[in-house]
Amino acid sequence: MGYGVADAMQHADVSAQISAAVVMLPLTSRVGSKVRKGDLLVELNDVDFQQQVIRAEQALATAKSELSLLSVERQAADERAALAIQDQILSQTELDRVINAFNRGAAKQREVDAAHQKLISVSSKAVNTKELADRFPLREEQASSNITTREADLELTKESLRRCSIISPIDGVLQAVDVRVGEHVQSGTRVARVVHSGSLEIPLRLPSFARSFVSIGDDVNLRSTGFGLRQWKARVSRIAPEDDTKTRTMIVYVDYNQDPNAPNHIPPGLFVSGEVINDKDTKPRWIVPRRSFRNDRLMVIRDSVLRSVLVTIDYSVSGEYEEFGVPDHDWVVLETSLVPGDLVVVDPGGSLRDGMKVRVIIASEVALE
């Protein structure tokens, strides 16, 4: 026998992912209302985020314009570099022609120097124009990277705008709505809780000694505690590998699927008791009503003499056993064996003492007389 609390396997604590004021709660955002995945739960103020989207779009357009402008400038720079190279070639040819004339005596030294000076000037200009042209691929790469960054910024701002509409991530029923219209919520604050009670997980805590008796697939009788007893049939789904050293208990998990609209469904959060039934142990055992115990001892009658017997309880069971003729519902299975023929005193009173001689009167025989 163990106890546990039913927990919905599908539940969602829906949080705000941005900081903004609540501007609307739909009529369906009421505790107990059914919602579908994607239904609007809370609407936040999106004015600031709309402006951020516009700014991000304008920044992206500017980055694209800069890249287009660089393409035009690069084409002009390439053309200037080509012209400078041609000018350099012509200056070199002119210098060679003047040097030949000088060697023949047809030109003066100052003409050679002037041609050489012009070649140096033209060559310097060609180097500068080529340097400028070679920078444009890197500048275009930077512009392309800037466009990618602006596109990412735009997507983030659009995502923030979409997050102004907080929707349900699952099908279920609203358990709680934590905000009101006009309230300012911070990022990470829970605004609602949605619970789907179709699939439940019930961790039952059993005594540690039960580990050798419990197996996956064993039948489990679940009962609600307190007023209005209800029962459900289930099976052991999983068994936790470790025992709790503080409470000396083990945990078995019961997965229970149900129709949330059924009148006898298990509501999440219900405290239940569970009786695990194992039919593998077919060894005959002694069973007595729980109320017959006093300080770990049983009062039995042997040869018309009361005897107090020290016994050890193995585990508890519940149910009605008509063959014993008593209306008890709570029983214990003994690890200790009794002597065949012993009569158990079901309700030992304070006046009964060990060693007293008694006369046995069977209730069923009295009824027959």
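The model is predicted, so local features need pLDDT of at least 70, side-chain atom pairs count only at pLDDT 80 or more, and totals for chains, interfaces and linings use all residues. Residues are numbered from 1 along each chain as its sequence is written, and side-chain values use heavy atoms, with hydrogens and water left out.

**Stop 1: Ala115**

Select Ala115, which lies in helix H2 (residues 109–162). Helices (H or I, at least four residues) and strands (E, at least two) are DSSP runs, numbered from the N terminus. Is Ala115 buried or exposed? Ala115 counts as buried because its relative accessibility is 10%; buried means under 20% relative accessible area, exposed over 50%, and partly exposed in between (1.4 Å probe, protein chains only). Next, display Leu95 and Val98, with which Ala115 is in contact when its neighbours within four places in sequence are left aside. Contact means heavy atoms within 4.5 Å.

**Stop 2: the strands around E13**

Select strand E13 (residues 249–257) and strand E9 (residues 190–207), which run antiparallel and are joined by 9 bridges. Two strands pair if DSSP finds at least two bridges between them. Within this pairing, Ser199 has Asn257 of E13 as its bridge partner.

**Stop 3: Ser208**

Move to Ser208, in the loop between E9 and strand E10 (219–224).

**Stop 4: the largest pocket**

The largest pocket has a volume of about 840 Å³. Select Met1, Glu275, Tyr315, Ser316 and Val317, which are the closest to its centre of the 36 residues that line it. On a 1 Å grid over the protein atoms alone, a pocket is an open set of points where a 1.4 Å probe fits, with protein on both sides within 12 Å along at least five of seven lines; lining residues have an atom within 4 Å of a point. Grid points are joined across faces, edges and corners, and a volume is the space filled by probe spheres set on the points. Finally, colour strand E19 (313–318), which gives the largest share of the lining, 6 residues.
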